[in-house]
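I opened a structure that was new to me and kept notes as I went. Here is what I had on screen.

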Amino acid sequence: MSSETVLSVHDLKLYYRTRKGIVKALDDVNFDLKKEDVLAVVGESGCGKSTLARALVRVLPRNIHTYEGEIILNGRNVMDLDEETFRREIRWRKISIVFQGAMNSFNPVYRIGYQVAEPLIIHDHVEKKKAIEKARQLMELMGMPSAFAERYPFELSGGMKQRAAIAMALITNPEIVILDEPTSALDVLTQANIINLLKRIKNEFRLSYIFITHDLGLASELANRVAVIYAGKMVELSSADVFYTEPKHPYSKGLLLSVPTLRTDRKPEFISGAPPSLIDPPSGCKFHPRCRFAWSKCSAEEPAMFKVGEDHFVRCWLYGDGR
Ligand SMILES: Nc1ncnc2c1ncn2[C@@H]1O[C@H](COP(=O)(O)OP(=O)(O)OP(=O)(O)O)[C@@H](O)[C@H]1O
Ligand code: SF4
Ligand SMILES: [Mg+2]
């Protein structure tokens, strides 16, 4: 594994404006991504995973309240770029994305091959025939018969459409690919096939992935780093090896205990309570109403990310000063 850092994210925030108030969907997120790293981003529904993806590729809804922080890509803060430069040089070219539910977003009236080729035709002005040829090659690499390029979306299974969506994200030769729940809603065999293909492609093209998933088992198949998000905040950042054997944050421990396992008799245990409102979250540590270790300090003050080991950070007072 290379140690070259391709992406450094500092204090990234993305808040939405709503009639009920400001939704702090992503708050002060910090992490580094090295070349060929796979960073799994995990957490319950609504914790801000897709918001992080959208913030990184700057695909934002209209009701943005705050969008700030630094996104340093190969040493350059791309937050400083105007929209036109970002579109021309960064989105798809350097960081591409398979959006959540991408397989259902194909336009029903165009053939799949053309749609996979579209980023090349539109962004790089590559001639249509050439672009579709490259789309075919990538679709084959993703385990699709190249003749499928001539098909319309309704003629493909979910698994095939998702393979096409991944081929589309690869077509502009990006360095980083964000995969937002790339295999949810697919059967387990198709999931396993796609994960294996993603592994192979990552090694072949020396890509880095940000792999968003609520499935910790799947994350363990692909990731060498894990980031846990709770209520818009990163609460643990660790190597996958350490995370799966010695998680530190009480929420991470709870998440891992909730995964069913076939190899032992252990029954899954669920974290009681529900994630908090992002408009009016609890004071101090946002996890304190659900945490069995909570004490007075937890509701009074928000913990920082404390370093607990080599490249291992935890947002919890159990690991901070002054217990
Ligand atoms: N445009 C928007 N305006 C207001 N609130 C939004 C908007 N988009 C998302 N949210 C809210 O922001 C929070 C984070 O949403 P996000 O889609 O990032 O979650 P997620 O972790 O990807 O969830 P899931 O696992 O269900 O995909 C949620 O509370 C969601 O309701
Ligand atoms: S800071 Fe306190 S409430 Fe929050 S996770 Fe740690 S022990 Fe639990
Ligand atoms: Mg999401």
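**Ground rules**

I am looking at a predicted model, where local features need pLDDT of at least 70, side-chain atom pairs count only at pLDDT 80 or more, and totals for chains, interfaces and linings use all residues. Residues are numbered from 1 along each chain as its sequence is written, while chains are lettered from A and ligands numbered from 1 in the order in which they are written.

**Entry 1: the four-stranded sheet**

I looked up an open sheet of four strands and noted the order β2-β1-β4-β5, with antiparallel pairing. Strands here are DSSP runs of E with at least two residues, helices are runs of H or I with at least four, and both are numbered from the N terminus. Two strands pair if DSSP finds at least two bridges between them. The edges are β2 and β5 (76-77), each of which pairs on one side only. I then checked β4 (residues 64-73) against β5 and found two bridges in the antiparallel sense. Leu-73 has Arg-76 in β5 as its bridge partner. Helix α1 packs on this sheet and touches β1, β2 and β4, and its direction makes about 70° with that of β2. For touching, I used C-beta atoms placed from the backbone and lying within 7 Å. For directions, axes are lines fitted to C-alpha atoms (for helices over the stretch in contact), and angles run from 0 to 180 degrees between N-to-C directions.

**Entry 2: the eight-stranded sheet**

Next I followed an open sheet of eight strands, in the order β6-β7-β8-β3-β9-β10-β12-β11, and its pairing is mixed. Its edge strands are β6 and β11 (306-309), each pairing on one side only. Ignoring direction, neighbouring strands in this sheet are turned by 20° against each other on average.

How many residues of β7 are buried? I got five of five for this strand (residues 176-180). A residue is buried if 20 or more other C-beta atoms lie within 10 Å of its own, exposed if 12 or fewer, and partly exposed in between. Both faces of β7 are covered, with Ile-176, Ile-178 and Asp-180 buried on one side and Val-177 and Leu-179 on the other.

Strand β6 (residues 95-98) joins β7 in the parallel sense over four bridges. Ile-95 has Ile-176 as its bridge partner, and Ile-97 stands opposite Ile-178. Strand β8 (residues 208-212) also runs parallel to β7, with five bridges between them. There, Asp-180 is partnered by Ile-212.

**Entry 3: the core**

The largest nonpolar core has 93 residues, and Ala-167 and Phe-211 have the most contacts inside it. Such a core is a set of buried Ala, Val, Leu, Ile, Met, Phe, Trp, Tyr and Cys residues joined through C-beta atoms within 7 Å. Helix α5 (residues 158-170) gives the most to this core, with eight residues. Leaving out residues up to four places away in sequence, Ala-167 touches Val-116, Ala-135, Leu-138, Met-139 and Met-142.

**Entry 4: the two ligands**

I counted 16 residues around ligand 1, and the closest are Tyr-16, Ser-45, Lys-49, Ser-50 and Thr-51. For these shells, a residue's C-beta atom, placed from the backbone, must lie within 6 Å of the molecule. Helix α1 gives the most to this shell, with three residues. By class, the shell has six nonpolar, nine polar and one charged residue.

The shell around ligand 2 has eleven nonpolar residues, one polar and no charged ones. Among its residues are Cys-285, His-288, Cys-291, Cys-298 and Cys-316.

Most residues other than glycine have a negative phi. I flagged Arg-58, which has a positive phi of about 50° and is found in the loop between α1 and β4. Arg-58 counts as partly exposed because it has 17 C-beta neighbours inside 10 Å. I also flagged Asn-173, in the loop between α5 and β7, with a positive phi near 50°. Asn-173 has 14 C-beta neighbours inside 10 Å, so it counts as partly exposed.

Technical notes:
Ala, Val, Leu, Ile, Met, Phe, Trp, Tyr, Cys and Pro count as nonpolar, Asp, Glu, Lys and Arg as charged, and the others, Gly among them, as polar. Two residues are in contact if their C-beta atoms, placed from the backbone, lie within 7 Å.
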